[in-house]
Amino acid sequence: MDKLLTAADAALRTLFASPRASASSPATGQVDVPLGTEEKKRSAAFMRVNHVGEVCAQALYTGQAAATRNAVLRRHLLEAAREETDHLAWTRDRLDQLGARPSLLNPLWYAGAFALGAIAGRISDRASLGFVVETENQVAEHLRGHLEKLPPGDRSSRAIVAQMKRDEERHASQARAAGALELPPPARLLMRAAAKVMTTTAHYI
């Protein structure tokens, strides 16, 4: 029952509450070059995708924590989710600054990511950690691409994305050091395909 209540609370906070960051946004102190209409739309689209990614990160970690029987790993996963809350808050704040909205499909993304996390957690702890490694590696790759495509003058968004990329790479390294199992190629390809659908849709909706 405690696990279910924790999972439900996490879902409600992620989807409907205003996230509070424990660390200052990397955008603080950045001086942006005024963006044109199209540049602002482009930045907003990328930050909406990044916000969706953070919604999914909350769901994945919460689903894995609910499924594992390892109390130490559960605490580790919930702590990682709390760290990712900073990213959730930073991307939401930047969307507000750009006059844009989050994805309308966030509840759908959350439900799907939670289910995947719960399945991975049920397979084994090492598989769950392997899922973290592959997820974070793919997110870092997406963020690297965003840094190449964001308008050069949008220093606030670029600072946020750069810090998120460093954090995701650190999370992957920590999971690998904890004994993560390398996922088989079909699983990695399936994850990439699902991520492609999500990011392409969230770019617009």
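**Close-up views, panel by panel**

**View 1. Helix α2 crosses helix α4 in a right-handed manner.** A crossing is right-handed if the near helix is turned clockwise from the far one by less than a right angle, and left-handed if anticlockwise. Helices here are DSSP runs (H or I, at least four residues; strands are E, at least two), numbered from the N terminus. This is a predicted model, in which local features need pLDDT of at least 70 and side-chain atom pairs count only at pLDDT 80 or more, while totals for chains, interfaces and linings use all residues. Residues are numbered from 1 along each chain as its sequence is written, and side-chain values use heavy atoms, with hydrogens and water left out.

**View 2. The packing of α2 against α4, seen through its geometry and its residues.** Two packed helices are described by the angle between their axes and the distance between the axes. For α2 and α4, the axes come within 7 Å and cross at roughly 35°. The axes are lines fitted to C-alpha atoms, for helices over the stretch in contact, with angles running from 0 to 180 degrees between N-to-C directions. Among the residues making the contact (heavy atoms within 4.5 Å), look for Val52, Cys56, Leu60 and Gln64 of α2, together with Trp109, Tyr110, Ala113 and Gly117 of α4. Sorted by class, this contact has 13 nonpolar, 8 polar and 1 charged residues. In that sorting, Ala, Val, Leu, Ile, Met, Phe, Trp, Tyr, Cys and Pro count as nonpolar, Asp, Glu, Lys and Arg as charged, and the others, Gly among them, as polar.

**View 3. The largest nonpolar core is built from 17 residues.** Here a nonpolar core means buried Ala, Val, Leu, Ile, Met, Phe, Trp, Tyr and Cys residues joined through side-chain atoms within 4.5 Å. Buried means under 20% relative accessible area, exposed over 50%, and partly exposed in between, using a 1.4 Å probe and protein chains only. Val52, Cys56, Trp109, Tyr110, Ala113, Phe131 and Met198 have the most contacts inside this core. At least two core residues come from each of α2 (37–67), α4 (106–123) and α7 (185–202), and α2 gives the most, with 6 residues. Phenylalanine 131 is in contact with Leu60, Gln64, Leu116, Ala120, Leu183 and Met191, leaving aside neighbours within four places in sequence. A second, separate core of 15 residues includes Phe46, Met47, Leu143 and Met164. In soluble globular proteins, nonpolar side chains tend to be buried together.

**View 4. Glutamine 64 is a buried residue of helix α2.** Its relative accessibility is 1%. The glutamine 64 side chain makes a polar contact of 2.8 Å with the side chain of serine 128. A polar contact is a pair of N or O atoms within 3.5 Å; within protein, one must be able to donate a hydrogen and the other to accept it, and residues adjacent in sequence count only if both atoms are side-chain atoms. Setting aside neighbours within four places in sequence, glutamine 64 also has contacts that include Leu77, Gly117, Ala118 and Val132.

**View 5. Histidine 87 sits in helix α3, residues 71–97.** With 1% relative accessibility, histidine 87 counts as buried. Not counting residues up to four places away in sequence, histidine 87 touches Glu54, Met164, Asp167 and Glu168. The side chains of histidine 87 and glutamate 168 are joined by a polar contact of 3.2 Å.

**View 6. Arginine 69 occupies the loop between α2 and α3.** This arginine is exposed, at a relative accessible area of 68%. Beyond residues up to four places away in sequence, arginine 69 touches Arg74 and Arg122. Alanine 66, a residue of helix α2, counts as partly exposed at 22% relative accessibility.

**View 7. Proline 152 lies in the loop between α5 (125–149) and α6 (155–177).** Proline 152 is exposed, with 65% relative accessible area. Although 119 residues apart along the chain, proline 152 and valine 33 have C-alpha atoms separated by 8.3 Å.
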